[in-house]
Amino acid sequence: MQIPVDGFMYPNEIELQWSVLIVLYPFLTGLVAGAFILASLERVFRVEEVKPTYRLALLTALAFLLVAPLPLQLHLGHPERSFEMYLTPHRSSAMAMFGFVYLWYLMAVLLLEIWLDYRKDIVVMARANSGWKKRLYRVLALGSDNISEAALAVDNHAGWIVTVVGIPSAFLLHGYVGFIFGSVKANPWWSTPLMPVVFLFSAIVSGIAAVMLLYMFTGSRRHRLDTRCVDTIARYLFYAFIIDFSLEMLDLIHRIYEADESFRSLDFMVHSRLYTSHVVIQILCGTVLPIGLLALTQVLHLSEKVRLRTYAVAGVLTLIGIFAMRWNVVIGGQLFSKSFLGYTTYKMGFATREGLLTAIVLVLMPLGILWGLIKLLPPWSDDESLPV
Amino acid sequence: MKDSEHLIRLAAVFAGGLLFFVVIRSFFVPSSFGLYGHYRADAIKDVAALQVVHAGHEACEGCHSDVADLKNKGKHAHVNCEACHGPQGQHANDPMSVKPPLPDPAKLCVTCHEANAAKPRSFPQIVAKDHAGDVACNTCHVPHNPRIGDAPAPAHSEVKK
């Protein structure tokens, strides 16, 4: 397969090494960090309105976190070797240390917080069920049956500590992903200290949007939709998005003003190969439009139905926009030659190990896991649930 | 104390997991790991035990002094024999039973000489299609002494036959 090249590329730049799966990876971890930060808001800052999404956000974070390493495994091949990263860690490798950030976040933060929060429900379900279900919930409860006031108070306290530790951990998790790109000195499209911050805020934006959409989507069928809650989340989305957008613009202005030796080349790329995905999809459709829509819901007095629809549209556009942002960072960073004299093309396979089909399966997989988690650990209490 | 008993169970699970990891680790990490650096020291022995595939040009020149004399007078003087002939360690050890195949100039020469903007300008480059068309490079060039006029007639193997 001949890859179309304009101008001059070094031989090792013609074929892209980092595929759509590497686009997916920061997208998925971003959703994790964002969802968790939304959950933490309720817990640490006691925002009552978003309480109905607290558990949903935690389960969403878990479902996406479980899938997040898969794109990397598929990209590298030899998944069995990834374990060696834990056995003989190399401290000078950012990528290797990420394994520990991941493990810490999964084991010490997310699972702990979910367990502490659900413990009462788990014990109640262990009591109410029989057979294998009872056994399953008993194992999940670690054999404990104590849900006295005092024990729950202990849980609550411990959960609070975990959340407080969790917020910087979530920041670390996604800041790290940005850091991995931002620290590639040789690539002017990536190498900026703003990268971790931009990644973090876009992660928060995408996580909030995803939880909002999931809450609205499950709303009609599984639980009563609390409009006040959706309104509040949409407002957070709006604020977070404005910060994210300003940061990205700051980065852009900085680049334009600095106009270093890479600028002409990158500028040309943004106006040619990356025009659709960067300017049209990421900036116009994925950022300006949803911010505009969210702003409308803040200033106009729309009816509930119109408001919810607007949120839904804005949420979907947001996710598309953030995905496009990951795409433009990962793929865009490999399209131009380090000689600044030429451009290559990304050819995505379809049913290959790193192809489109794989990517689609990887996006759907967390939703499947989330469905299972919701069955296992229902996030809605009885009074929120719809009468059957 | 009674009311935080479940947390102690949790801590026990974590401690168990950690212990399991430590056991697994001592089991899986090769004993020579880290002796010299961040790698398995025994790997050095493994690599040293591998058969040497290249003989080096001094070895070739001992037996093929005619080729060496021709080559050392020409522009390919500093191109190693095995850069074109591939690794021939086995042949050098036992020339009678291992006979190297002759390189195909149509594929060989362009790997170095096909024009490419990334190559230094001073390096001789041609666009094979325009320069030679379908004619084999060694019709005109002597591979071991390639500049036209430097060597006598092309010692083309097909010509010889």
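With which residue does A:Asp117 form a salt bridge? The partner is A:Arg55, and the closest N and O atoms are 2.7 Å apart. A salt bridge here is a side-chain nitrogen of Lys or Arg within 4 Å of a carboxyl oxygen of Asp or Glu. Over all chains, the structure holds 13 salt bridges.

This is a predicted model, in which local features need pLDDT of at least 70, side-chain atom pairs count only at pLDDT 80 or more, and totals for chains, interfaces and linings use all residues. Residues are numbered from 1 along each chain as its sequence is written, chains are lettered from A in the order in which they are written, and side-chain values use heavy atoms, with hydrogens and water left out.

**Bridge between helices of chain A**
- The salt bridge of A:Asp117 with A:Arg55 ties together parts that are 62 residues apart in sequence, because A:Asp117 lies in helix H5 (residues 94-128) and A:Arg55 in helix H2 (residues 54-67).
- Helices are DSSP runs (H or I, at least four residues), numbered from the N terminus.
- A:Arg55 is buried at 14% relative accessibility, where buried means under 20% relative accessible area (1.4 Å probe, protein chains only).

- A:Arg255 and A:Asp251 meet in a salt bridge of 3.5 Å, N to O.
- The two residues are four apart in helix H9 (residues 227-258), so about one helical turn separates them.
- A:Arg255 is buried at 19%, and A:Asp251 is buried at 17%.

**Bridge in chain B**
- B:Arg40 pairs with B:Asp46 in a salt bridge, their closest N and O atoms being 3.2 Å apart.
- B:Arg40 is partly exposed at 32% relative accessibility, as is B:Asp46 at 43%; partly exposed lies between buried, under 20%, and exposed, over 50%.
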